[in-house]
Amino acid sequence: MKTIIQKPDLDTCMAGLVLGVTRRDMVVVTPEQASFEDIMNPGVICIEAGGSGWVHLNDFDHHDEGYALPSACVQAISARGIQDDYLDKLAQYIEAVDTGQMNVTVDFPSLSNVFSGIRLVESRILKQFFKGIDLLAHMVEHCIDPFAPLEIQEGWDEYIEAKQRNLEKVMQELKNAAFLTGRTAKIGVCVQTGVGGFGGLFSEGCDIAILYNPSTGEDTGAKCTIASRGRDLFPFVAKLNAMETGWGGRKNIIGSPRGRGTSLDISIISELAKQFF
């Protein structure tokens with residue numbers, strides 16, 4: 001079956017595993033979202049590529065503005081009628097990572113760390129996607145607790161080392177973070193080239209954390225992700241979409257337009273956040 005994805009993350013890969021996507025299938029990577037025809041075609045699986053809430057059409061997404069849906073992998077498990085305690089536990093962990101829940105902390109190396117290392121090492125999106133599925137299939141086969149540090153397996157060394165280097169880079173970049181005072185919130189802003197950093201900003205007492213990567217190494221705009229500790233970010237999504245369409249996400253974590261990134265400078269986003277929060 002034809003499957004359409006954007007950039008692979010743990011949620012996308014877990015949904016792919018649950019839905020039975022394999023290397024024998026035609027998997028298409030789209031820079032933004034699937035075409036309307038593909039979204040409306042139940043013969044095409046769309047994973048985090050549009051059609052939020054339309055699982056009856058084989059669309060598994062939750063990023064569209066105004067939706068409060070579970071992660072794609074949770075939708076896939078439910079849509080396929082699967083009842084499996086371990087899969088539920090794994091999906092619970094992935095949803096916590098996907099939504100930026102700060103109450104889930106696993107010592108290094110976590111499942112998220114290893115997967116992030118795959119993303120850092122493997123340059124091709126489809127290779128990232130299937131390597132991610134392989135990693136999750138290994139977790140399922142051995143019923144490995146996703147809420148505990150992983151035992152390093154053969155072939156993971158490169159991924160672990162890449163993630164460790166990235167963590168060191170993020171720690172350095174966080175030293176240059178800016179802290180703003182909004183109307184009722186402390187806002188942390190970090191311009192970075194590393195991946196991650198919300199934990200560092202929240203540890204400084206921030207209510208809102210903004211990570212901004214001006215250059216992702218791809219022919220797109222900047223990438224901006226905003227997370228909160230308990231505050232609903234959807235009203236702020238509407239504010240951003242009034243300036244540039246395509247922002248979306250979840251109640252406590254939102255991001256710039258997928259695929260094309262954002263053309264908004266960090267100074268503009270920071271000032272908007274300062275006035276809004």
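This is a predicted model: local features need pLDDT of at least 70, side-chain atom pairs count only at pLDDT 80 or more; totals for chains, interfaces and linings use all residues.
Strand S3 (residues 44-47) and S4 pair in the parallel sense over 2 bridges, where two strands count as paired if DSSP finds at least two bridges between them. Helices (H or I, at least four residues) and strands (E, at least two) are DSSP runs numbered from the N terminus. S3 and S4 belong to an open sheet of 4 strands with parallel pairing and the order S2-S1-S3-S4. Strand S2 (27-29) and strand S4 (59-60) stand at its edges with a single partner strand each, so one side of each is left without a neighbour in the sheet. Across strand S1 (2-5) and S2 lies helix H6 (residues 125-142), running at about 130 degrees to S2; contact here means heavy atoms within 4.5 Å, and axes are lines fitted to C-alpha atoms, for helices over the stretch in contact, with angles from 0 to 180 degrees between N-to-C directions.

A further open sheet has 6 strands in the order S5-S6-S7-S8-S10-S9, with mixed pairing. Its edge strands are strand S5 (178-181) and strand S9 (248-250), each of which pairs on one side only, and neighbouring strands of this sheet are turned by 15 degrees against each other on average, direction ignored. S5 and strand S6 (residues 186-191) run antiparallel and are joined by 4 bridges, forming a hairpin with 4 residues between them. In S6, Lys186 is the bridge partner of Thr181, and the charged end of Lys186 also sits over the ring of Phe179, 5.1 Å from its centre; for this, NZ of Lys or CZ of Arg must be within 6 Å of the ring centre and within 35 degrees of the ring normal.

The whole structure holds 6 aromatic pairs, counted when the ring centres of Phe, Tyr or Trp (its six-membered ring) lie within 6.5 Å, with planes under 30 degrees apart taken as stacked, over 60 as edge-to-face and the rest as tilted. The rings of Phe198 and Phe202 have their centres 6.4 Å apart and their planes at 35 degrees, so the pair is tilted. Phe198 and Phe202 are separated by about one helical turn because they are 4 residues apart in helix H8 (residues 198-202). Both Phe198 and Phe202 are buried, that is, under 20% relative accessible area, against over 50% for exposed and in between for partly exposed (1.4 Å probe, protein chains only). Phe236, Phe276 and Phe277 form one aromatic cluster.

Turning to the cysteines, a search of the whole structure finds 0 disulfides, a disulfide being a pair of cysteine sulfur atoms within 2.5 Å. Cys73 is in no disulfide, and the nearest cysteine sulfur, that of Cys13, is 11 Å away; Cys73 is buried, with a relative accessible area of 0%. The sulfur of Cys224 is 11 Å from the closest cysteine sulfur, in Cys190, too far for a bond, and Cys224 is buried with a relative accessible area of 1%.

Technical notes: Residues are numbered from 1 along each chain as its sequence is written. Side-chain values use heavy atoms; hydrogens and water are left out.
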